[in-house]
Amino acid sequence: MRKSLVPLVCCAALSAAVLQNAHATGDFSPQRWLDNGGAASEMSPEFYWELELKRMAQEFHPPEKRVVPDEEKPDAAKDDANAIAPGTKFTLQADTKDFDDAIKSGKIAPPDAAKAKAAHEAARQLVSTAKATTNDPLPEEFASEFAEYHRGAFAFRRGGDHFAEAREAWETLLKRPKDERKYRTVWTTFMLGKLALAAKDPEAVKWFRQTRELAKDGFADSLGLAADSYGWEARAELRQGHYEAAAKLYLTQ
């Protein structure tokens with residue numbers, strides 16, 4: 001069985017009372033793997049577990065769609081020790097595209113658009129490569145939701161000693177009027193969820209749920225974080241011992 005299915009199996013077995021109609025996948029097998037506390041699972045071949053879990057997952061239909069980045073060449077990053085990881089590069093590209101759209105649509109109106117774009121790009125590059133030992137300051141950006149998000153992201157990338165700074169920047173962003181945070185509200189609530197998860201704070205569940213609600217309300221979700229939030233919320237529920245809730249979220253993901 002793939003390692004990624006291990007937590008899902010644990011959750012599914014422990015939530016037997018609520019996950020109904022879990023029929024077997026072979027004529028010679030028990031009709032229900034998860035009855036009687038999942039006792040039949042002790043003699044279940046791994047092959048059937050994977051099929052059973054896939055079948056169960058078909059009962060869950062999330063409305064959110066994943067956003068998949070363009071595939072990189074397999075060895076593209078191996079030749080350059082300083083290459084930006086594909087996921088980070090995807091975020092960088094989405095950030096740049098959102099910033100350009102904000103200027104075009106008039107959501108932000110810097111007096112010098114070219115200068116604002118250059119500062120935004122420099123800030124994003126620094127955020128993308130930041131480590132715990134990074135001491136370079138962020139460049140001064142045009143005051144906007146993008147600048148505030150960068151402050152939080154930069155602190156987050158620098159590690160636990162800076163998490164309070166990240167939280168403060170992102171909470172400040174969410175205090176902006178709704179029409180001034182169209183592009184980074186979803187990103188911010190998602191990252192506040194990750195901060196809460198790192199701190200083992202049950203509030204993580206609330207933030208991941210809010211990520212989906214805000215995306216549904218029309219706030220930009222250029223990274224598909226609403227879809228990703230199910231798995232992160234499942235992890236938060238699992239850490240609290242809420243196995244039924246975690247199982248449903250993993251299956252939805």
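# Close-up views

**View 1. Asp 100 and Lys 117 pair in a salt bridge, with 3.9 Å between the closest N and O atoms.** What you see is a predicted model, in which local features need pLDDT of at least 70 and side-chain atom pairs count only at pLDDT 80 or more, while totals for chains, interfaces and linings use all residues. Residues are numbered from 1 along each chain as its sequence is written, and side-chain values use heavy atoms, with hydrogens and water left out. A salt bridge here is a side-chain nitrogen of Lys or Arg within 4 Å of a carboxyl oxygen of Asp or Glu. Helices (H or I, at least four residues) and strands (E, at least two) are DSSP runs numbered from the N terminus. Asp 100 counts as partly exposed because its relative accessibility is 25%, and Lys 117 is partly exposed too, at 37%. For those labels, buried means under 20% relative accessible area, exposed over 50%, and partly exposed in between (1.4 Å probe, protein chains only).

**View 2. Zooming out, the protein chain comes to 10 helices and 0 strands.** Along the sequence, the pattern reads α-α-α-α-α-α-α-α-α-α. Of the 253 residues in the protein chain, 43% are buried. The structure holds 11 salt bridges. One of them joins Arg 176 to Glu 180, where the closest N and O atoms are 3.0 Å apart. Glu 180 is partly exposed because its relative accessibility is 37%.

**View 3. Arg 209 and Glu 233 meet through their side chains in a salt bridge of 2.8 Å, N to O.** Here too the pair links distant parts of the chain, with Arg 209 in helix H8 (residues 203–216) and Glu 233 in helix H9 (residues 225–239), 24 residues apart. Elsewhere, salt bridges that share partners join Asp 95, Asp 98, Arg 124 and Arg 184 into one network.

**View 4. Phe 156 and Trp 170 are part of the aromatic story, in a structure that holds 9 aromatic pairs.** Their pair is tilted, at 6.1 Å centre to centre with 45° between the planes. Phe 156 sits in helix H5 and Trp 170 in helix H6 (residues 163–174), so the contact ties together parts that are 14 residues apart in sequence. To count as a pair, rings of Phe, Tyr and Trp (its six-membered ring) need centres within 6.5 Å; planes under 30 degrees apart are stacked, over 60 edge-to-face, and the rest tilted. Phe 156 is partly exposed, at 21% relative accessible area, while Trp 170 is buried, at 0%. Ring pairs also link Tyr 149, Phe 156, Phe 163, Trp 170 and Trp 187 into a cluster. In helix H5 you will also find Ala 155, which is buried with a relative accessible area of 0%. Ala 155 and Ala 169 lie 8.9 Å apart, C-alpha to C-alpha, and are 14 residues apart in sequence.

**View 5. Phe 190 is buried, at 5% relative accessible area, and Trp 232 is partly exposed, at 24% relative accessibility.** The two form an edge-to-face aromatic pair, 6.2 Å centre to centre and 85° between the planes. With Phe 190 in helix H7 and Trp 232 in helix H9, the pair ties together parts that are 42 residues apart in sequence. The charged end of Arg 235 sits over the ring of Trp 232, 4.6 Å from its centre. Likewise, Arg 212 lies over the face of Tyr 230, at 4.1 Å from the ring centre. Such a contact requires NZ of Lys or CZ of Arg within 6 Å of the ring centre and within 35 degrees of the ring normal.

**View 6. The largest pocket holds about 570 Å³ of space.** Its lining comprises 23 residues, with Gly 87, Thr 91, Met 191, Lys 194 and Leu 223 nearest the centre. H3, H4, H5 (145–157), H7 (185–198) and H9 each supply at least two lining residues. By type, the lining divides into 14 nonpolar, 4 polar and 5 charged residues; Ala, Val, Leu, Ile, Met, Phe, Trp, Tyr, Cys and Pro count as nonpolar, Asp, Glu, Lys and Arg as charged, and the others, Gly among them, as polar. On a 1 Å grid over the protein atoms alone, a pocket is an open set of points where a 1.4 Å probe fits, with protein on both sides within 12 Å along at least five of seven lines, and lining residues have an atom within 4 Å of a point. Grid points are joined across faces, edges and corners, and the volume is the space filled by probe spheres set on the points.
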